Amino acid sequence: MTQVDPRRLIPRTDQLLALRSVQRERKRLGDNVIRAVIKTVQDRARRGELPPERVPDALEAALASRATTSLRPVLNATGVVVHTNLGRAPLAAGAVEALIAASGYVDVELDLATGTRSKRGVAARRALLDACPQAEEALVVNNGAAALVLAATALAAGAEVIVSRGELIEIGAGFRLPDLIASTGARLREVGTTNRTHLADYAAALGPDTGCVLKVHQSNFRVQGFTAAATLTELRGLLAGTQIPLVSDLGSGLLAPDPMLPDEPDAATALSEGADIVTASGDKLLGGPQAGIVLGRAEVVSRMAKHPLARAVRADKLTLAALEATVSAGGSPVTEALHADTPRLRMRADKLAAAVGATVVAHDGRVGGGGAPGVPLPGWAVRLPESAAGPLRTGNPAVLPRVHDGACLLDLRCIPEDDDDRLLSAIRTALGEAS
């Protein structure tokens, strides 16, 4: 009697596609992904790794565990609050809810009462103005660099942007302010020196070719010692009686002063001191989505909003929804991490360390994202062998520790307390793999 080749018993693709469980997953993953997973499971059966009768169960399990994105959630145990490599600010629950609500059709540019087209991002603009009453008008674009590029283009294309040499910064990935300004068609007019720029330096540079004066926050470094810099108040006085706009690029996105970060500039203070507009990022200290925020005098913001480039850098509906929710809430996970209760952090670290036989050491976190450079955030870290770092990063859940002085350090500042059990499980697995 002829023996049937087991491979002939492997369910066909059409049979597997007809399974109810597979039909449900097709709505989530799409047909191309489903077919690719089916082929992978069938190939396992053809190689003898899987009995033909187990193919449907294996397929169901593979689809259930298949994520819709290759991006992996990470537990941030570095102590760096605004971690650029981890996507900067984690969104608050309200902002996540707003993202979901905005994922379908929404009235982002429509007045439902009249059925006519409306101004884009009205709600986010209103939330920003409520949070920063010193501003007459607001504009949201797709990131902080775009806000500055739009300002330079709308206010100074073909003219000069006056800026101190001590503020010609380079941000992450090699992006430099001089290159950014040059790309707008404006000419950079450098004044002063690296460490000292006086009001007289600005005054000497003013002329008929001046498009705007730019004041840039040195967000990711500090110059100390024999230094001098003109203030916004002084520059406002210098520009009194002229039509030259004073632009303040804050970078980190504080809307109001934070006692925890006394040297970090904020939009309310900058506008009160005389800036015509301020530009900032939404995904740093504000704790929202990636966005560029412009606040200031209505006439200047309107010039930017009407410029053709504004269309190219405008924010999408998801960004507008998440930003509105973040600003309206008045707080975020970034705010909570910056102001975390130190004794509570110590208690959590002690409990975690005791569960795995580790020690706890003092550890200073950082703001990150170019905000408040050099300002320590005192806290505690669980100290593990350095060999645990790799398994932690590649485990499930993925955990990013800080590797320092031959040790793997886990700072709980940026980890929600609800995730402590998940972190404990990850540590136990990592220590087992590292031993």
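Student: Which residues does lysine 284 touch, not counting residues up to four places away in sequence?

Tutor: Lysine 284 touches Val82, Arg88, Ala89, Gly251, Ser252, Val334 and Gly369 with that exclusion. Contact means heavy atoms within 4.5 Å. This is a predicted model, in which local features need pLDDT of at least 70, side-chain atom pairs count only at pLDDT 80 or more, and totals for chains, interfaces and linings use all residues. Residues are numbered from 1 along each chain as its sequence is written, and side-chain values use heavy atoms, with hydrogens and water left out.

Student: Why is lysine 284 called buried?

Tutor: Buried means under 20% relative accessible area, exposed over 50%, and partly exposed in between (1.4 Å probe, protein chains only). Lysine 284 has 11% relative accessibility, so it counts as buried.

Student: What does UniProt list for Lys284?

Tutor: The unreviewed UniProt entry lists Lys284 under "modified residue: N6-(pyridoxal phosphate)lysine". UniProt positions are given in the numbering used here, feature names are shortened, and annotations may be inferred rather than shown by experiment.

Student: Where is lysine 284 placed?

Tutor: Lysine 284 is in the loop between strand S9 (277-281) and strand S10 (292-296). Helices (H or I, at least four residues) and strands (E, at least two) are DSSP runs, numbered from the N terminus.

Student: Why is arginine 26 called partly exposed?

Tutor: Arginine 26 has 27% relative accessibility, so it counts as partly exposed. Aspartate 31, at 30%, also counts as partly exposed.

Student: What does the salt bridge between glutamate 137 and arginine 125 tie together?

Tutor: The side chains of these two residues meet at 2.3 Å, N to O. Glutamate 137 lies in strand S4 (residues 137-141) and arginine 125 in helix H6 (residues 122-131), so the pair ties together parts that are 12 residues apart in sequence. Glutamate 137 counts as buried at 12% relative accessibility, whereas arginine 125 is partly exposed at 25%.

Student: Are lysine 215 and glutamate 167 buried or exposed?

Tutor: Both lysine 215 and glutamate 167 are buried. They form a salt bridge, with the closest N and O atoms 3.0 Å apart.

Notes:
Salt bridge = Lys/Arg side-chain N within 4 Å of Asp/Glu carboxyl O.
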